[in-house]
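Please read them with the structure open.

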Amino acid sequence: MAYLYGMVATHPTRVDCELLEAHERRIADGARTGRTVPAWGTAHVREGHVATRLQRTPQPYSQRTRSSAQDAFSRMALTWCPRPGVGGEVLQPLVEGASMAVIRAAIPAVGAVCSDIRGALRPRRRDALQTDALAEHVFQLLLERRDQMPSRSSVRTLRAVAWNILRWSRRANSGTPAGDGMQTPLLQMLWNSGTGDGLAGCSIGASLWSLLRTEPRGCGICGAVHSTRTQNGSEYRSRVFATEPLTEEAWETVPEGRVFSVSPAARIEHIEPAEA
């Protein structure tokens, strides 16, 4: 089941029905066991603007809710649904203006790292923090670093943020001997900076799966084609990322410990280690 999901396509495309089925099962399983799903959401780009469908309270998908979340055709979409029973989750995707992100993070010395992040933010970005959640702090740091160097590429900005977080975590946790309950950092991000139509991302400490489609997909669940028609022989491509494979297609893992960028043409254009 995918906690986070991202899609970039050359033509307006809907998110996978398998993703929505996985979210629905997760919410239903949580309702049966009393371990509720705290929040879920989707965000997609429509005509240069970010539209969201965010559910702030535990609520099973109804058919109408699912249709509302799925009906949007977009060239870029992000979704998020945490596992049941996890406290402290922040509502995602995180959105500000034209920028949006999904962030999965668990690091040692999280309180100290959040304090370091707040120290790196300008007052207006500190004031924008609504919770103590690490993901929200990371999102504001992405926007801060983007604004500090607007000419820098999104993937370079994301790499700088990942480096900051890992360095601050190691510094705060330097007194803990290896093997003495020390947590392995986990940081996965998919981010559109708001300055273009592509995605930047990273996968540190856990697998992230990727799938390339070169033609519109006929869905085995709803029976529909999940893309608008291509015209004049134009090439169709879509790149999908998820925490776990959702379909029986040929998913591949993104190399762990890497940052990457995906162009509006759904091509992975840049990939390098998250740390030098």
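1. Helix 5 (residues 134–148) lies across strand 5, strand 6 (99–106) and strand 7 (186–192), and runs at about 130° to strand 6. Axes here are lines fitted to C-alpha atoms, for helices over the stretch in contact, with angles from 0 to 180 degrees between N-to-C directions. Helices (H or I, at least four residues) and strands (E, at least two) are DSSP runs numbered from the N terminus.

2. On provenance, this is a predicted model, in which local features need pLDDT of at least 70 and side-chain atom pairs count only at pLDDT 80 or more, while totals for chains, interfaces and linings use all residues. Residues are numbered from 1 along each chain as its sequence is written, and side-chain values use heavy atoms, with hydrogens and water left out.

3. Overall, the protein has six helices and 13 strands. Of its 276 residues, 51% count as buried; buried means under 20% relative accessible area, exposed over 50%, and partly exposed in between (1.4 Å probe, protein chains only). Among contacts with a separation of 6 or more, 70% are between residues 24 or more positions apart, where contact means heavy atoms within 4.5 Å.

4. The strands that helix 5 lies across, strand 5, strand 6 and strand 7, belong to an open sheet of six strands with the order 5-6-7-8-12-13 and antiparallel pairing. Strand 5 (94–96) and strand 13 (268–273) are the edge strands, each pairing on one side only. Neighbouring strands of this sheet are turned by 15° against each other on average, direction ignored. Two strands pair if DSSP finds at least two bridges between them. Strand 8 (residues 199–204) and strand 12 (residues 258–262) have five bridges in the antiparallel sense, and Ala-200 has Ser-261 in strand 12 as its bridge partner.

5. Glu-269 is in strand 13 and is exposed, with a relative accessible area of 59%.

6. Which residues have the most contacts inside the largest nonpolar core? They are Ile-103 and Met-189, in a core of 34 residues. Strand 6, helix 3 (110–120), helix 5, helix 6, strand 7 and strand 8 each supply at least two residues of this core. A nonpolar core is a set of buried Ala, Val, Leu, Ile, Met, Phe, Trp, Tyr and Cys residues joined through side-chain atoms within 4.5 Å. Beyond four places in sequence, the residues that Met-189 touches include Ile-103, Val-138, Leu-142, Leu-158, Ala-162 and Ala-200.

7. The end C-alpha atoms of helix 6 are 27 Å apart, which agrees with the 27 Å that its 19 residues should span at 1.5 Å a residue; the expected span is 1.5 Å times one less than the number of residues. Its buried residues include Leu-158, Arg-159, Ala-162, Asn-164 and Trp-168. Among the elements covering the buried residues of helix 6 are helix 3, helix 5, strand 7 and strand 8. Asn-164 has a relative accessible area of 6% and, beyond four places in sequence, touches Leu-141 and Arg-145.

8. Is strand 4 (residues 74–80) largely enclosed or exposed? Six of its seven residues are buried, so strand 4 is largely enclosed by the rest of the structure. Strand 1 (residues 4–13) runs antiparallel to strand 4 and is joined to it by six bridges, with Met-7 partnered by Ala-77. Strand 2 (residues 40–46) pairs with strand 4 in the antiparallel sense over four bridges, and Ala-43 has Leu-78 as its bridge partner. Ala-43 is also in a second, separate core of 18 residues, which includes Val-50, Met-76 and Val-262.

9. The structure holds one aromatic pair. The ring centres of Phe-241 and Phe-260 are 5.0 Å apart and the planes are at 25°, so the pair is stacked. Rings of Phe, Tyr and Trp (its six-membered ring) pair if their centres lie within 6.5 Å; planes under 30 degrees apart count as stacked, over 60 as edge-to-face and the rest as tilted. Both Phe-241 and Phe-260 are buried.

10. Arg-217 sits in the loop between strand 9 (208–213) and strand 10. Arg-217 is buried, with a relative accessible area of 15%. Beyond four places in sequence, the contacts of Arg-217 include Asp-16, Glu-18, His-226 and Glu-249.
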